[in-house]
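Me: Got a structure open here and want to go through it with you. Can we take it piece by piece?

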Amino acid sequence: MATDNLLESLKRCIERGKVNCKSPHPPDMKGQDGADELTRKALDTGIPPQDVLSNALVLGMQHVGERFRNKEIFVPDVLMSAKAMSAAMEHLKPFFKSDALKHRGTIVMGTVLGDLHDIGKKIVSMVIEGAGWEVVDLGTDVSPEKFLTAVDQHPGCVIGLSALLTTTMINMETTIRHVKGKHPGIKIIVGGAPVTQEFANKIGADGYSPDPQGAVEFLNTRCLQN
Amino acid sequence: MGDPLARETEVFYPAFSELTINRLLLEKVLGYRAGGTPEVISRLIDEILPEVPSRTSVQCGFSILPIGAVSVSRETFTCDGVQFTTGPIIAKQLRASTTLALFVATIGSQVEQWARDLIDSGDAVKGYIADAAASEAVEQAADWLEKKVTERVRDRGWKLTNRYSPGYCDWSVAEQHKLFSLLPERFCGVELTPSSLMLPIKSVSGVIGLGPEVKRDPTVCSICDMKDCFRRQEEPAAT
Ligand code: B1M
C-alpha cells in the first residue's frame with residue numbers, strides 16, 4: 001500500500017473505531033486490518049512516526065471530535081475511536097520514550113475539590129491524548145495544592161479543570177488563584193456541564209470549552225510552545 | 001390513608017424489575033435516533049443490561065409534610081420553618097400546593113464503581129454505557145416513587161406537580177443541605193458532602209407539590225436551559 005493510502009486507511013480506522021483485524025466493528029470493515037495492524041505496517045514500511053501520528057491518528061481524532069460537536073456521533077462512538085487510537089499509540093510509545101517523537105505538550109487534568117465526577121473528564125482526556133498531547137490525570141476531588149505540585153512536576157504544562165455542579169465549580173476559582181499565584185503564566189482551561197464562558201472569564205480561566213474538541217482547539221491554538 | 005396533619009415518611013426498596021430499562025431506551029439515552037445505533041453499541045448494551053440488576057440496590061423514599069407546615073410564595077417556599085429560594089419558575093409550579101413531599105432516590109454505588117472499573121481497565125465504551133444505565137435507573141426509581149406518592153394521596157383528592165430538584169432552574173444545589181436537614185439522617189442511605197454532592201452519586205433528590213389544585217406542567221421543559229436534553233418534551237404547537 002502506498003504511504004498516502006496507508007495513512008488514509010489508518011485515519012479511517014480511527015474515525016470508524018476499528019481497533020484491530022479481529023474486532024467485528026464496524027461491520028463493513030469486518031476482517032480488515034485495524035488501527036493496530038496498520039500502525040505497525042506504517043512504521044515497518046518506514047513512514048516516520050511523526051507522520052503516522054500527525055497525518056493519520058491526530059487527523060482522525062480531530063474529525064471524530066468535530067463530528068461529536070456537530071452531534072453526528074455520540075460519546076460511545078468517540079470512545080470506540082479512542083480505543084482504536086490507543087491501540088495505535090501502543091506502537092508509538094517506544095518513539096516517545098526515545099524522544100524520536102514528542103508530545104505537543106502536557107496537560108494536567110483533574111476534577112476539582114469536592115467533586116467526584118470522573119467520566120466527562122476522562123472522555124476529554126482521551127480526545128486530548130488523541131490530539132497528540134500528554135495527559136496527566138490527577139483524578140477527582142483534586143485540591144489546589146495537588147494541582148500546584150503537579151505543575152511543579154510538569155513545568156510548562158497546561159491545566160484542565162472539570163466540575164459537574166455549581167457548588168463545586170466554585171473551587172475552580174480557588175484552584176486558579178492558587179496555581180496562578182505561583183505560576184502566573186500558566187494556561188488553565190475549564191469545562192463541565194454547569195460551566196459557561198462567562199463563568200470562565202469571571203474566574204480568570206484562559207479557556208473554556210463545552211466539549212472535548214474545544215479543549216483540543218484551545219491547546220493547539222493557545223498553548224503550543226514550539 | 002395516612003394523616004395529613006402528621007408527617008408521613010416512608011422508604012421503599014423496589015426490585016430492579018420494577019424499573020423498565022431496555023436497549024431501546026438506553027440507545028435513546030446515549031443520543032441515538034431510532035434505528036441509528038451502531039450494531040456494536042446495541043450488542044454492548046445487551047451485554048451490560050443483564051449485569052446491572054445484581055449491582056443495584058434501589059432505595060427511594062418520601063416525606064410528606066403536615067398541612068400547615070408549608071407555605072409557597074413568589075420565589076420561595078418554606079417547610080417547617082426552613083426557607084428555600086427556588087426562584088420564580090419552580091415556585092410558580094408549587095404555588096397551589098396544599099403541602100409538599102420531599103424525596104430521595106438512589107440505586108447505590110455499585111454500578112457506578114463497576115463503570116469506573118470498566119473504564120480504568122480499558123473498556124471505556126462498556127463503562128460509559130453502564131454509567132448511563134445507572135443514571136437512567138435512578139431517574140426511573142424517582143418515577144416509581146412518584147407513583148407511590150400518587151397512591152398515597154389519591155384518597156385525599158390530591159394530585160402531584162412535576163418533581164423539582166435543587167440544581168435545576170434557579171434553585172441552587174447548595175440548598176440540598178436545607179432539604180437534607182428536613183429528612184432523617186442518611187435517608188435512603190444517601191449522604192451529602194459539604195459541597196452538596198450526594199453519595200452515592202447515582203442519586204436524585206427534590207420536592208413534589210401536592211394538593212387538589214396542583215397540576216403537572218407538560219410544558220415545564222420550556223423553562224429549562226438544557227436545550228439538548230433527551231427528556232425534553234416539545235411544547236405543544238401554538239394555536
Ligand atoms: C478542561 O476542559 C474541559 C472541557 C470540557 C469538559 C471538561 C473539561 N469536563 C467536561 N467537559 C465536557 O466534555 C465532556 C464530554 O462531552 C462532558 O462531560 P460531562 O461530565 O458533562 O458529560 C458526561 C460524559 C455525560 N453527562 C452526564 O453524565 C451528566 C448528564 C446530566 C443530564 C445529568 C445526569 C445524567 C444525572 N444527574 Co445531574 N445531570 C446533569 C447533566 C446535564 C447535562 N446535559 O450535562 C447535571 C450535571 N445535573 C445537575 C443536577 C443539579 C443534579 N444531577 C443529579 C443527579 C443526576 C443523575 C443521578 C440522575 C444522573 C447521573 C449523574 C452523574 N454524574 O453520574 C443530582 C446530583 C447528584 C449527586 N450525586 O449529587 C442533582 C443535584 C439534582 C438533584 N438534586 O437530584 C445539573 C448541575 C447544575 C448545577 N446547578 O449544579 C445538570 C447540569 C443538569 C441541569 N440542571 O442542567 C462536558 O461537560
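Me: Where does B:Pro200 sit?
Reply: B:Pro200 is in the loop between β9 (198–199) and β10 (203–211) of chain B. Helices (H or I, at least four residues) and strands (E, at least two) are DSSP runs, numbered from the N terminus. This is a predicted model: local features need pLDDT of at least 70, side-chain atom pairs count only at pLDDT 80 or more, and totals for chains, interfaces and linings use all residues. Residues are numbered from 1 along each chain as its sequence is written, chains are lettered from A and ligands numbered from 1 in the order in which they are written, and side-chain values use heavy atoms, with hydrogens and water left out.

Me: And the peptide bond from B:Leu199 to B:Pro200, cis or trans?
Reply: Cis, with omega near -5°. Most peptide bonds are trans. The bond from A:His25 to A:Pro26 is also cis, omega near -10°. A:Pro26 lies in the loop between α1 (3–16) and α2 (35–44) of chain A.

Me: What about phi at B:Cys169, positive or negative?
Reply: Positive, about 50°, although B:Cys169 is not a glycine. Its place is the loop between β7 (159–164) and α6 (176–181) of chain B.

Me: Switching to the interface. How many residues of chain B are in contact with chain A?
Reply: 25 residues of chain B, against 24 of chain A. Contact means heavy atoms within 4.5 Å.

Me: How much area do chain B and chain A bury?
Reply: About 2100 Å² between them, 72% of it on carbon and sulfur atoms. Buried area is the accessible area (1.4 Å probe) lost when two parts are put together, summed over both. In chain B, the residues losing the most area to chain A are B:Tyr128, B:Ser195 and B:Leu197, together 23% of what that side buries.

Me: Which residues form the salt bridge there?
Reply: A:Lys122 and B:Asp120, with the closest N and O atoms 2.7 Å apart. The count between the two chains is 1. The rule wants a side-chain nitrogen of Lys or Arg within 4 Å of a carboxyl oxygen of Asp or Glu.

Me: Which helices of chain B supply at least two residues to the side touching chain A?
Reply: α2 (39–48), α4 (110–120) and α5 (124–154). By class, that side has 14 nonpolar, 4 polar and 7 charged residues. Ala, Val, Leu, Ile, Met, Phe, Trp, Tyr, Cys and Pro count as nonpolar, Asp, Glu, Lys and Arg as charged, and the others, Gly among them, as polar.

Me: How many salt bridges over all chains?
Reply: 34. One of them joins A:Arg69 and A:Asp211, closest N and O atoms 3.1 Å apart. This pair links distant parts of the chain, 142 residues apart. A:Arg69 is in helix α3 (residues 49–69) of chain A, while A:Asp211 is in the loop between β5 (207–208) and α9 (212–222).
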